[in-house]
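Dear colleague,

I am handing over a structure for your attention. Please look at it first; a description of what was found follows directly below.

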Amino acid sequence: MQPEKIALSLLATSLLFGGGGIGGAAYQIPQPPPLQRGRHGEDWGGVEDALSSRRRVLLSLACGFVATGGTPAALADVTNKLASSTALRSLDRVQEQLPIKLKPVAQANNYMGIKQALRLPPFDQVRKDLLTVVRGGEDGPKAGELQLAYKSLIRSLEDIDATASIGMGRSGKPKPDQFQLAIDYDEIEKALEVFLRIGTEAADIPVQYDSRQTQIGSIDVRSGKVPVEPRVI
């Protein structure tokens, strides 16, 4: 049995039975104190309920990883999904800052200003965040749409940067039309809107596990409950 499977199996067992886990204490969950009542008779038993609920959630996650083989790939799927949500929030901030930091510069036909703005926060991390979202949805049904939306947005960003370079005389080409920066900016707004919509839809799709591996022994990994077998009399 692979080390990853052994470790995750022991984790699931310790979460279920409250045992010491690996090494006797590595995964031990603190036990709640005995049921107490406050000075005015209020019930403090909710602490135990909260810990029991947390244990069920952790058990379900641990069993889920074991169900997928306990492989690094299964863990990577969940990690990419979490990172994707963070990247989407960052891109939301970019969308908020576009009309504040980039649009006025484009409308003023300020070529140097465009070059500088694209290399300052929050725009300097756009490509990294886009790739994070794409990785988070690469195994889902929105993967193809995400790739197309990513390419469209990157192309629009490169276009406005190229226009600024031409306008500054760096390419030796004739200066662009005075409205070209504003046109390029509009393309960025549209492309980002599409990417955020598809990326959000992809992030809302949960990680899919093989339906043939949803049970381990007598534990249902989707609920952490022990299924009741019908009795035949």
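The protein chain exposes about 14,600 Å², of which carbon and sulfur atoms supply 56%; such accessible areas come from the Shrake-Rupley method with a 1.4 Å probe, and for residues only the protein chains shown count as cover. Please note that this is a predicted model, in which local features need pLDDT of at least 70 and side-chain atom pairs count only at pLDDT 80 or more, whereas totals for chains, interfaces and linings use all residues. Residues are numbered from 1 along each chain as its sequence is written, and side-chain values use heavy atoms, with hydrogens and water left out.

Of the 233 residues of the protein chain, 33% count as buried. Here buried means under 20% relative accessible area, exposed means over 50%, and partly exposed lies in between (1.4 Å probe, protein chains only).

The secondary structure comprises seven helices and two strands. Helices (H or I, at least four residues) and strands (E, at least two) are DSSP runs, numbered from the N terminus. In order from the N terminus, the elements run α-α-α-α-α-α-α-β-β. Among contacts in the protein chain with a separation of 6 or more, 66% are between residues 24 or more positions apart; a contact means heavy atoms within 4.5 Å.

The search of the whole structure found six salt bridges, a salt bridge being a side-chain nitrogen of Lys or Arg within 4 Å of a carboxyl oxygen of Asp or Glu. Three of them may be described together.

Lysine 142 forms a salt bridge with glutamate 145, their closest N and O atoms being 3.4 Å apart. Lysine 142 is partly exposed, at a relative accessible area of 21%, and glutamate 145 is likewise partly exposed, at 36%.

Lysine 142 also meets glutamate 201 in a salt bridge (3.0 Å, N to O). This pair links distant parts of the chain, 59 residues apart: lysine 142 lies in the loop between helix H5 (126-136) and helix H6 (143-167), and glutamate 201 in helix H7 (residues 180-203). Glutamate 201 counts as partly exposed, at 30% relative accessibility.

Glutamate 201 in turn forms a salt bridge with arginine 197 (3.8 Å, N to O). Both residues lie in helix H7, four residues apart, which is about one turn of the helix. Arginine 197 is partly exposed, with a relative accessible area of 45%. Through shared partners, these salt bridges join Lys142, Glu145, Arg197 and Glu201 into one network.

With kind regards
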